[in-house]
Amino acid sequence: MKSLKVVLSFIATLGLLAYGCAKSDDGGSSSSTSPYKRKNLPAKTANNLPSSLTKGSSSSRTAQAMSLTQSIGVNQVRTAVDMSKNIMQSVEMNMVIFDAGLTQGAMSIGNCYEKGEIKITFTSAMLEAMKQSMAVVDQEMSASDLEQFGAMVGQQMGNDDFAISYSTASETGYDKKLILGSTNSTCSSGVPSSKDEVMMWSDNGNKLKYTFDFGEASYSITNFGTVAYDAESKTGSFDMYFA
């Protein structure tokens with residue numbers, strides 16, 4: 001059985017590896033398969049970023065191209081936009097995986113699952129949703145990743161090395177909470193003993209809050225933050241600290 005950490009590790013590294021790697025859409029990721037549609041978690045994760053920040057190049061804008069290219073401030077803004085898009089993409093992918101887990105009955109409310117207890121069937125629709133989420137950062141899934149995940153279609157994935165809990169949220173405005181434990185975590189008092197990610201959402205799908213901690217103490221890496229969206233006020237936010 002494939003581990004969910006295989007997918008999650010792929011997702012977590014995107015925010016560190018994708019800067020400056022945008023590709024044009026040449027149709028290579030097209031498919032006749034319809035992407036997975038979430039049934040339990042909110043369908044929308046964030047507001048769309050302005051096209052002026054996500055498309056085109058400095059040479060296509062009216063400001064002086066050379067000045068923009070050499071500007072430290074502009075490059076910092078571009079890097080920040082890339083980082084926010086990558087994190088939003090990882091949220092999209094994770095939500096597909098765990099929404100499918102709930103739909104397939106692999107998890108039920110009020111339970112904490114020790115590593116190895118959850119089994120989710122990876123489908124072609126889930127793969128297509130993951131491929132489409134790459135469009136958030138103007139990329140396509142690489143041939144090697146496509147081969148790896150394509151081979152997983154029809155197979156079972158599981159929480160081979162971390163605990164997961166699914167419960168009612170106590171925080172105001174949210175109804176459900178899903179906690180993903182860190183590697184080798186165990187269930188302790190109904191929740192993972194240590195955690196990497198927490199998803200909270202409202203039953204009507206209007207509110208989402210996704211917090212993450214992808215830090216690696218052994219490599220002196222600190223990386224944590226929050227993605228939040230409120231459909232009623234049509235506002236979204238992204239906060240991250242990286243060192």
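**Exercise 1. Find what share of the chain is buried, and describe its overall make-up.**

Solution. Buried residues, meaning those under 20% relative accessible area with a 1.4 Å probe and protein chains only (exposed is over 50%, partly exposed in between), make up 41% of the 243 residues in the chain. The model is a predicted one, in which local features need pLDDT of at least 70 and side-chain atom pairs count only at pLDDT 80 or more, while totals for chains, interfaces and linings use all residues. Residues are numbered from 1 along each chain as its sequence is written, and side-chain values use heavy atoms, with hydrogens and water left out. As a next step, turn to the secondary structure, which comes to six helices and twelve strands; these are DSSP runs numbered from the N terminus, with helices (H or I) of at least four residues and strands (E) of at least two.

**Exercise 2. Describe the largest nonpolar core and the elements that build it.**

Solution. A nonpolar core is a set of buried Ala, Val, Leu, Ile, Met, Phe, Trp, Tyr and Cys residues joined through side-chain atoms within 4.5 Å. The largest one has 39 residues, of which F122, L178 and M199 touch the most other members. Two or more residues each come from α4 (72-103), α5 (124-133), α6 (143-152), β5 (164-168), β6 (176-181), β9 (195-201) and β10 (207-213), and the largest share, nine residues, is supplied by α4.

**Exercise 3. Compare the span of α4 with its expected value.**

Solution. The expected span of a helix is 1.5 Å times one less than its number of residues. With its 32 residues, α4 reaches 46 Å from its first C-alpha to its last, close to the 46 Å expected. After the helix comes G105, whose phi is positive, near 80 degrees.
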